[in-house]
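Please look over the model below before reading my notes.

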Amino acid sequence: MQKNMTNVLITRHDKIGDFIVSLPMFKVLKNQRKDVRTFALVSKINYSFAKEIFFIDEVILYDLNNLAKTLSDIKKAKIDISISAFIDSSLGYLLFKAGIKKRIAPATKLAQIFFNKKLKQKRSRVEKKEFEYNLDLLKKFDSSLELKYDYPLINIDKKTKDEVFNTFKNQYSIKNEEKIIAFHPGFGGSSDGNLSFDDYIKLAQSISKKQNTKIVFTFGPDDLDAVEYISTNIKTDVILYQSSLSLMDFCALLSNFEVFISTSTGPMHLAGAVNIKTLSFFGSSLFASSKRWATISEEKQQNNFMLSKEYTEEDYLKIENTLKSLLS
């Protein structure tokens with residue numbers, strides 16, 4: 001390890017999508033500050049994933065069941081500065097107790113009393129995207145940083161991409177010339193807007209006769225109702241795929257897909273992170289909209305729709321026409 005390195009701990013200790021929107025912070029730091037060693041404090045669901053991301057040097061588990069161990073691990077890391085994209089009192093107390101001299105965070109909630117470098121952001125106004133608010137926190141560490149990075153956010157090496165995709169193609173007898181159109185009908189933790197299962201089926205069937213395409217429905221481990229409903233009611237040949245891959249290997253698989261269609265959820269953010277085309281559904285409120293939760297990908301790759309719970313047939317047809325246009 002180089003001498004005179006600055007150990008910077010970036011914390012985002014919640015869900016997959018929330019962690020993804022903190023990743024530009026790590027990438028900017030690693031690209032522009034060669035004297036910085038990046039540490040991530042993450043929840044269990046993101047721990048193995050974070051360890052595979054090349055611009056994160058070290059990962060510490062935020063263990064809700066053993067915060068004493070988490071505190072010990074933070075102390076051992078000899079952190080110089082912490083930057084927290086999301087805060088609560090447990091996290092704030094932990095970083096304070098760890099003796100980190102400079103603790104940066106948004107000036108929000110009562111938890112801000114545990115931090116000594118704060119930035120007023122008023123995220124509820126949704127004047128920026130979530131990942132842009134996160135990036136702004138870096139300026140409290142180094143005002144000279146340029147808040148820019150390259151796409152894709154997560155680069156997958158060709159060997160891994162090919163290995164994961166070839167295994168998938170062999171498992172489901174997919175031809176080399178067939179493009180994968182993926183649908184993920186499950187709901188995310190913060191998403192208010194989504195198509196009904198019936199409209200996901202209708203959307204898939206609307207492109208089912210397109211030459212050299214293969215339709216895949218992906219599901220998470222908790223999507224058992226969705227699996228049962230789709231398998232029972234769809235009238236065209238599709239692949240129903242419940243992934244047992246690691247999050248990084250799932251990213252590698254997604255990077256080979258043509259389009260990923262879903263609500264605002266973790267898998268949507270993973271698809272954005274590898275910069276493939278996304279067709280995404282968000283809630284109609286400003287807080288739940290793409291103005292805050294859009295993927296971290298090139299804008300030309302994004303096709304975002306805000307849907308109320310009582311969306312109309314006209315809303316659905318706009319989505320169907322957009323999908324057909326993407327595949328033409």
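Predicted model: local features only at pLDDT ≥ 70, side-chain atom pairs only at ≥ 80, totals over all residues.

1. Residues are numbered from 1 along each chain as its sequence is written, and side-chain values use heavy atoms, with hydrogens and water left out.

2. Start with helix H4 (residues 67-76) and helix H5 (residues 89-97). Their axes lie 9 Å apart, at an angle of about 45°. H4 is therefore oblique to H5 (angles under 35 degrees count as roughly parallel, over 145 as roughly antiparallel, 65 to 115 as roughly perpendicular and the rest as oblique). From H4, the contact uses Leu67, Thr70, Leu71, Ile74 and Lys75; from H5, Leu94, Leu95 and Lys97. Contact means heavy atoms within 4.5 Å. By class, five of these residues are nonpolar, one is polar and two are charged.

3. Next, the largest nonpolar core. It has 61 residues, and Leu23, Phe49, Ile56 and Ile83 have the most contacts inside it. Such a core is a set of buried Ala, Val, Leu, Ile, Met, Phe, Trp, Tyr and Cys residues joined through side-chain atoms within 4.5 Å. Buried means under 20% relative accessible area (exposed is over 50%, partly exposed in between; 1.4 Å probe, protein chains only). Helix H10 (residues 247-254) gives the largest share of this core, seven residues.

4. Last, helix H8 (residues 197-206). Its buried residues are Asp199, Tyr200, Ile201, Leu203 and Ala204. Their cover includes strand S7 (179-184), helix H9 (224-233) and helix H13 (313-327).

Definitions and conventions:
Axes fitted to C-alpha atoms, helices over the stretch in contact; angles between N-to-C directions. Helix = DSSP H or I, 4+ residues; strand = E, 2+ residues; numbered from the N terminus. Nonpolar A, V, L, I, M, F, W, Y, C, P; charged D, E, K, R; others polar.
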